[in-house]
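User: I would like to learn how to read sheets, aromatic pairs and pockets in a model. Please take them one at a time.

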Amino acid sequence: TITNSGTAALNLTGTPLVVIGGTDAGDFTVTSVPGTPVTSGGGTTTFVITFDPSAGGLRTATVSIANDDGDENPYNFSIQGSGTVPSVPEIDVSGLGVSISDGDTTPSATDDTDFGNVPVAGGSNPNSFTITNSGTAALNLTGTPLVVIGGADAGDFTVTSVPGTPVTSGGGTTTFVVMFDPSAGGLRTATVSIANDDGDENPYNFSIQGSG
């Protein structure tokens, strides 16, 4: 609220009437402007500043109001607010310590998504995968089952050890094992799908393969 306790009308002379400046000026917006002139003898007018932080942490700015008061022109003061980042989970899946991108369709021995050559008669190969939560909230795996095998040769791949849930924030991990036991010769392909509450990687999918 701007109050004029003087004996003459107070004129606000700036363009705009209220100027936001300083380090994080873009995070503060004048959403309702004051009126001018402000009548003498206690007249008032109001303005509104809306804080909409663009990043986390302390955000600072200044307010400047140009006017015709002889010794308070411009009228300046500082404002601030703190941006808070919501707690969210962040999933990543890796094999052999190598991250497997969500949506990856190119199995590789480098990240254990290619199970290699396994004899059809009496052969099998278990590969272990690690789920990491680098987010700021617990990661919940929400599927039934927690890890789903799909695709053309899904029956040749079996989840023999399931991950735990929830996965703690800040780098918590859990592991699961997929066993490849080919039922026929040649290339055998499948997909892995992990439903979870990561806002932009649900479900987390990638392709796997092996050769019988």
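User: In which sense do strand 6 and strand 7 pair, and over how many bridges?

Analyst: This is a predicted model, where local features need pLDDT of at least 70, side-chain atom pairs count only at pLDDT 80 or more, and totals for chains, interfaces and linings use all residues. Residues are numbered from 1 along each chain as its sequence is written, and side-chain values use heavy atoms, with hydrogens and water left out. Strands of a sheet pair through backbone hydrogen bonds, parallel or antiparallel. Strands here are DSSP runs (E, at least two residues), numbered from the N terminus; two of them pair if DSSP finds at least two bridges between them. Strand 6 (residues 57–65) and strand 7 are antiparallel, over nine bridges. Ser64 has Asn76 of strand 7 as its bridge partner.

User: Which order does the five-strand sheet have?

Analyst: It runs 9-8-11-14-13, open and antiparallel. Strand 9 (98–100) and strand 13 (157–161) are its edges. Strand 8 (residues 91–95) joins strand 9 through three bridges. Val93 stands opposite Ile100 in strand 9.

User: How many aromatic pairs are there?

Analyst: A ring pair is described by the distance of the centres and the angle of the planes. Rings of Phe, Tyr and Trp (its six-membered ring) pair with centres within 6.5 Å; planes under 30 degrees apart are stacked, over 60 edge-to-face, the rest tilted. The count is seven. Phe115 and Phe129 are tilted, at 6.4 Å and 55°. Phe115 is in strand 10 (residues 114–117) and Phe129 in strand 11 (residues 125–133), so the pair ties together parts 14 residues apart in sequence.

User: Why is the pair of Phe157 and Phe180 stacked?

Analyst: Their centres are 4.7 Å apart and their planes at 20°, so the pair is stacked. Phe157 and Phe180 are both buried (under 20% relative accessible area, 1.4 Å probe, protein chains only).

User: Which residues does the ring cluster link?

Analyst: Ring pairs link Phe115, Phe129, Phe157, Phe176, Phe180 and Phe206.

User: Which strand gives the most to the lining of the largest pocket?

Analyst: Strand 1 gives the most, with three residues.

Methods:
Helix = DSSP H or I, 4+ residues; strand = E, 2+ residues; numbered from the N terminus. Buried < 20%, exposed > 50% of the residue type's maximum accessible area, 1.4 Å probe, protein only.
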